[in-house]
Amino acid sequence: MLGRASTLVRSTLSNSIRYGSHGGIPGENLPFQLHNRYRLTAWFCVFFGSGLALPFVVVRHQLLKK
């Protein structure tokens, strides 16, 4: 039983490695494009800026709430 399970795991891992790799093209597996530098910079500013500003917005809301 254990031998059969290890064979199944080994075949699944080898198939995922064989068919899952994309050929080593930089940035191909990222969820955003790297071609436009200014668009990428804007998206990073929005992403990190919203995360850093959120605690301050929440504190301001709590202080102004009556």
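The structure, a predicted model, holds 3 aromatic pairs. Residues are numbered from 1 along each chain as its sequence is written. Local features need pLDDT of at least 70, side-chain atom pairs count only at pLDDT 80 or more, and totals for chains, interfaces and linings use all residues, while side-chain values use heavy atoms, without hydrogens and water.

Reader: What kind of aromatic pair do Phe44 and Phe48 form?

Author: Rings of Phe, Tyr and Trp (its six-membered ring) pair if their centres lie within 6.5 Å; planes under 30 degrees apart count as stacked, over 60 as edge-to-face and the rest as tilted. For Phe44 and Phe48, the figures are 5.8 Å centre to centre and 15° between the planes. The pair is therefore stacked.

Reader: In which helix do Phe44 and Phe48 lie?

Author: Helices are DSSP runs (H or I, at least four residues), numbered from the N terminus. Phe44 and Phe48 are 4 residues apart, about one turn of the helix. Both belong to residues 37-64, helix α2.

Reader: Is Phe47 buried or exposed?

Author: Buried means under 20% relative accessible area, exposed over 50%, and partly exposed in between (1.4 Å probe, protein chains only). Phe44, at 35%, is partly exposed, and so is Phe48, at 46%. Phe47 has a relative accessibility of 57% and therefore counts as exposed.

Reader: Which residues form the aromatic cluster?

Author: The ring centres of Phe47 and Phe48 are 5.1 Å apart and their planes stand at 80°, so this pair is edge-to-face. One aromatic cluster is formed by Phe32, Phe44, Phe47 and Phe48.

Reader: How many residues in the lining of the largest pocket are nonpolar, polar and charged?

Author: The lining consists of Pro31, Phe32, Gln33, Asn36, Arg39, Leu40, Trp43, Phe44 and Phe47. Ala, Val, Leu, Ile, Met, Phe, Trp, Tyr, Cys and Pro count as nonpolar, Asp, Glu, Lys and Arg as charged, and the others, Gly among them, as polar. The lining thus divides into 6 nonpolar, 2 polar and 1 charged.

Conventions: On a 1 Å grid over the protein atoms alone, a cavity is a set of points where a 1.4 Å probe fits but cannot get out, and a pocket is an open set with protein on both sides within 12 Å along at least five of seven lines; lining residues have an atom within 4 Å of a point. Helices (H or I, at least four residues) and strands (E, at least two) are DSSP runs, numbered from the N terminus.
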